[in-house]
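Thank you all for coming.

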Amino acid sequence: MATTRKTRRRPLRKRGGKILGFLIRVGLLLALAIGLGTTLYGIHLDRVVRAKFEGQRWALPARVYARPLELYAGRQLAVDELEQELQRLNYRRLANPDSPGSYHREGEQIVLRTRPFRFWDGRESSRGLRVRFDGHRVSVLEAVDGGPDPALVRLDAMLIASIYPTHNEDRILVRRKDLPELLVHTLYAVEDRSFERHLGVDPRGIARAAYSNLMAGGVVEGASTLTQQLVKNFYLSAERTLERKLKEAFMAVLLERRYTKGEILEAYANEIYLGQDGSRAIHGFGLASRFYFNKSLADLDVAETALLVGMVQAPSSLDPRRRPEAALKRRNLVLDVMVRDGVVDAATAAAAKDAPLGVVDGGGRPAGEYPAFITLVRRQLQRDYRDEDLRSEGLNIFTTLDPLVQTTVERSVPERLGAIESARGKRKDSLEAAAVVTSVAQGEVLALVGGRDSAYAGFNRALDSVRSIGSLVKPVVYLTALTHPERYSLSTIIEDKAVSIPDGTGSRWEPSNYSHRVYGKLPLYEGLVRSLNLATVNLGMDLGVDEVVDNLYRLGAQRRISAVPAMLLGAVNLSPLEVAQVYQSIAAGGYRSPLRAIREVVDAEGRPLNRYPLAVESVVDPRAAYLTTWAMERVVERGTAAWLGRQLPDGMSMAGKTGTTNGLRDSWFAGFSGDKVAVVWVGRDDFKPMGLTGSSGALRVWGDFMLKLENEPLAPLRPEGVVTAQVCDGAEMPYVADYVPSADSCGGDESAEEQEGEAVAEGAAQDEEPAPPERSRPAREQNLFMSDFYN
């Protein structure tokens, strides 16, 4: 029996050993599989970590800036205008302006400290200045920090728009060296006291945070390390699961293995979410400092630093604008932690607790809403950049917008339209308008308004409202004549007589003057001054319509123009911006500068990408442009724009032309001073008559803002080959030197002295004329900037 029992037990031992061996082998295989899986997963996560950390970490918006205000002795600028500019830039008015972005006004002088700013041509540091004024001119510009007085200083450019990434994140990137040590040590004290020592996760820190929070009766320390927080925000979702937490810890270790503490801290400081501004998400301490305090990080005080660090815990529930009580309580808790860890002493913390939250409005946001101008900028940018680049590459775009001019135009348009509607018994808000202001010499768009509600980002009339320009075309007709000095001078006698021309449909085109009178013979310039339809048509037909159309193209028009007689009286459809290009070329003495809204584009590191330099081309005889300008000055002095002439201050001269279309549907005025060209259109979007001529509508809007702006008097340089002579009735006027007429060439109908008033192109609608054959223009005459919009 004993033998029998032994033989029965042996198989049990063998089977048990086999099972144990099997389990061991399975365990080893599982451990190997888990190890291999963990290794492979770690390799995958390591690639994920490196791919984003070493590539483009953030999609940065393109930032669009207005022109920087330049200060120099002798500049036309009033003390009130400088103060308004500083306010638009969110400078703080202080008794002692010793920090960047602050100023103090003392009567007719302003003491300020500029902000450092990186322009397209280099970085300018902060500097203290005293600016003294003599009336509407800067008289003295001096340094208050010692050293020589500067010849010229640029204020920091005003941010006017951002082109955000699809997810609407915004941030201002900062380097580790730019992070104030006060901020860094406060962040360590509150969020991760062992940051400089741990390897990504900190078990002891978790226990310590739990104890500190229990003793404080609230959350004063975070349990996750800064590295874990960065991983969560940078790579992962915000879901609260064990799987996500383990992945976070694993990636934090990998991140610490790959990168230095300084690199991780820099990434954290730029990534951390710190609030919401409408649809825009505020990320990073750099932007948060601007958004909440309108300060750079370097200028934050103890209380402000404590508030920003405290908000890391819960930016929405601790928003100091919406929930100031909660934000104040959290800030003071952080100040206690700063004392505990020796970041500041107790007295400093106590003083900081007594300080208000200090949150300001407007910080870190675009300073103005200029949707019409920004549309122009974006159309120009789309020629050179992909939309995704504008939304991700952090480009800095420096534009030509002059905030002072833009603000003046924006205020004048609705105010004057309202006054016109009230005075003429029109329905409120029935009139619309568009306005463009450019510089004469550079062709820069200084201001652009697309409607009476300048903040409305809808239909942009300055760019896209294509209307008949009426009598605005007449200066081109007279300029064309004056390019033939052997045939025409300002005093050449032309005829204002009836016109009857077959229109190609079996009918005849028979325009008339506004007064329905015929004035007979008169000097050429009088036809333009008094805007006589018949005189203009007779002159244009003598020249040839084709030649007038060619000059319109040379001056900058891009749209297809029908070369028919009616175009001589305004059967030409253009937008206000296109009209501004034509008149800018006349104002510049026959030299066309393609209108531009952008000066420079630089990348996120300040390296120049695209330049938009001044391009000038001689397109018409400068002698003819000079004579035409002389005649247009008389339009303002005693012609259809005489209202403006009566408003001009002593010593100021301007030139321009009114324009009105059939049925009083469109009211125009285009004109220029010595340094600015401006065009205004007034009308109705439904094309219904509104009962206003150019002089009773658009001219009043034009004068309202132009008379408020600083302007140089019109004093064009006399081109070589132009002389002044007294020929007819002792009148002195300019002539081309070799073609001064004799006195016996003068004459005219005395009855023509009556003011014609506003001339209207009767029957001049473009669609009533037979379509001309296709016309081509030499490539050298194309205005490439404008053709991007209108061809």
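This is a predicted model: local features need pLDDT of at least 70, side-chain atom pairs count only at pLDDT 80 or more; totals for chains, interfaces and linings use all residues.

Let me begin with the side chain of N513, which has a polar atom lying 3.1 Å from the backbone nitrogen of L534; a polar contact here is a pair of N or O atoms within 3.5 Å, where, within protein, one must be able to donate a hydrogen and the other to accept it, and residues adjacent in sequence count only if both atoms are side-chain atoms. Residues are numbered from 1 along each chain as its sequence is written, and side-chain values use heavy atoms, with hydrogens and water left out.

N513 sits in the loop between β21 (508-509) and β22 (520-523), where helices (H or I, at least four residues) and strands (E, at least two) are DSSP runs numbered from the N terminus. With a relative accessible area of 1%, N513 is buried; buried means under 20% relative accessible area, exposed over 50%, and partly exposed in between, using a 1.4 Å probe and protein chains only. The C-alpha atoms of N513 and N533 are 5.1 Å from each other, although these residues are 20 residues apart along the chain.

The loop between β21 and β22 also holds H516, which is exposed at a relative accessible area of 62%. Its phi is near 60 degrees, a positive value in a residue other than glycine. Most residues other than glycine have a negative phi. N90, in the loop between α2 (79-88) and β3 (92-93), likewise has a positive phi, near 65 degrees, and N90 counts as partly exposed at 22% relative accessibility.

Now to T399, which is placed in strand β15 (residues 396-399) and which, at 0% relative accessibility, counts as buried. What does the side chain of T399 reach at 2.7 Å? That is the backbone oxygen of Y65, and the T399 side chain also reaches the backbone nitrogen of L401, at 3.3 Å. If we set aside neighbours within four places in sequence, the residues in contact with T399 (heavy atoms within 4.5 Å) include V64, Y65, I160, F373 and I598.

Next come two helices, for which the expected span is 1.5 Å times one less than the number of residues. At its N-terminal end α14 is capped by D402, with a side-chain oxygen 3.0 Å from the backbone nitrogen of L404, and just after α14 G425 takes a positive phi of about 65 degrees. For helix α21 (residues 622-638), the 17 residues should span 24 Å, and the end C-alpha atoms lie 25 Å apart, which agrees. α21 is mostly covered, with 13 of its 17 residues buried, and D621 caps its N-terminal end through a side-chain oxygen 2.9 Å from the backbone nitrogen of R623.

Finally, the charged pairs. How many salt bridges does the count come to? It comes to 48, a salt bridge being a side-chain nitrogen of Lys or Arg within 4 Å of a carboxyl oxygen of Asp or Glu. One of them joins the side chains of R175 and E605, at 3.3 Å from N to O. This pair links distant parts of the chain, 430 residues apart, with R175 in the loop between β12 (169-170) and α3, and E605 in the loop between β25 (598-602) and β26 (608-611). R175 is partly exposed at 40% relative accessibility, and E605 is partly exposed with a relative accessible area of 40%.

R461 and E432 form another salt bridge, their closest N and O atoms being 3.7 Å apart. R461 lies in helix α15 (residues 461-464) and E432 in strand β16 (residues 432-439), so the pair ties together parts that are 29 residues apart in sequence. R461 and E432 are both buried. To close, R63, D170, D277 and R280 are linked in a network of salt bridges.
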